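Please open the model in your viewer and keep the sequence panel beside it. The stops below proceed from one selection to the next.

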Amino acid sequence: MRTPHVVVVMGVAGTGKTTIGPLLAARLGVPYAEGDDFHPQANIAKMSAGTPLDDNDRWPWLDAIGAWAHERAGLGGVVSSSALKRSYRDRLRAAAPDVVFVHLTGDRALIEDRMAHRQGHFMPTALLDSQFATLQPLQPDETGVAVDVSGTPEEITARALAALDGLDQTASQTS
């Protein structure tokens with residue numbers, strides 16, 4: 001039996017991290033943590049006002065997510081985090097070296113449409129361009145998978161599970 005992963009569901013705003021994360025956690029039988037809950041109030045106020053966060057805003061948030069992931073090492077868990085830059089993912093890996101990333105990717109028009117129709121979220125669609133400008137996709141040396149966000153949440157979750165299974169099979173063949 002393999003050790004459950006701690007999975008970071010990442011991507012720009014509107015890709016479905018908060019929808020796919022809990023579904024993925026349920027299918028894996030592990031707890032889910034909402035990355036937005038780790039933000040200090042000052043960050044939420046800044047984003048609500050339409051101001052993008054800078055790295056100094058993000059470090060404490062990433063450290064809090066990394067601490068949660070570290071506590072879940074060997075137990076498994078799923079947490080959402082935009083994790084847009086390599087340096088952010090490196091910071092998460094510094095706290096929890098075995099995290100695996102599921103990068104939710106998709107067409108900008110689809111993502112903007114989904115953002116425009118969601119209720120009660122502090123991230124305005126005006127910040128989507130800054131999110132895409134900041135995004136640095138997973139690199140070949142980073143443990144993770146890219147998953148397209150077209151389709152239903154169940155279809156996206158199934159693709160994520162299949163991609164994670166493929167990652168596990170590749171890892172077991174090389175070890």
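Select strand β3, residues 77–80. Gly 77 and Val 79 point one way from this strand, Val 78 and Ser 80 point the other way, and all are buried; buried means under 20% relative accessible area, exposed over 50%, and partly exposed in between, with a 1.4 Å probe and protein chains only. Helices (H or I, at least four residues) and strands (E, at least two) are DSSP runs numbered from the N terminus. This is a predicted model, in which local features need pLDDT of at least 70 and side-chain atom pairs count only at pLDDT 80 or more, while totals for chains, interfaces and linings use all residues. Residues are numbered from 1 along each chain as its sequence is written, and side-chain values use heavy atoms, with hydrogens and water left out.

Two strands pair if DSSP finds at least two bridges between them. β1 and β3 pair in the parallel sense over four bridges, and Val 9 stands opposite Ser 80 in β3. β2 also runs parallel to β3, joined to it by two bridges; there Tyr 32 stands opposite Val 78.

Now display the whole sheet. Which order do the five strands take? The open sheet reads β2-β3-β1-β4-β5, with parallel pairing. Its edge strands are β2 (32–33) and β5 (144–148), each of which pairs on one side only. Strands of a sheet pair through backbone hydrogen bonds, either parallel or antiparallel. His 103 stands opposite Ala 146 in β5.

Select helix α1, residues 17–28, next. This helix lies across β1, β2, β3 and β4 and runs at about 160° to β1; the axes are lines fitted to C-alpha atoms, for helices over the stretch in contact, and angles run from 0 to 180 degrees between N-to-C directions. Colour Lys 17, Ile 20, Gly 21, Leu 24 and Ala 25, the buried residues of α1. Seen down the axis of α1, these buried residues fall within an arc of 130°, so they line one face of the helix; the arc is that of the directions from the helix axis to the C-beta atoms. On the other side of α1, Ala 26 and Arg 27 are exposed. Just after α1, Gly 29 takes a positive phi of about 75°.

Is Thr 157 buried or exposed? Thr 157 is buried, with a relative accessible area of 3%. Not counting residues up to four places away in sequence, Thr 157 touches Ile 20, Leu 23, Leu 24 and Arg 27, where contact means heavy atoms within 4.5 Å.

Select Glu 142 in the loop between α6 (128–134) and β5. Glu 142 is buried, with a relative accessible area of 6%. Leaving aside neighbours within four places in sequence, Glu 142 is in contact with Arg 86, Arg 89, Arg 93 and Pro 137. Glu 142 and Val 99 are 43 residues apart in sequence and 9.7 Å apart in space, C-alpha to C-alpha.

Finally, show the entire protein. Its secondary structure comes to seven helices and five strands, and buried residues make up 42% of its 175 residues.
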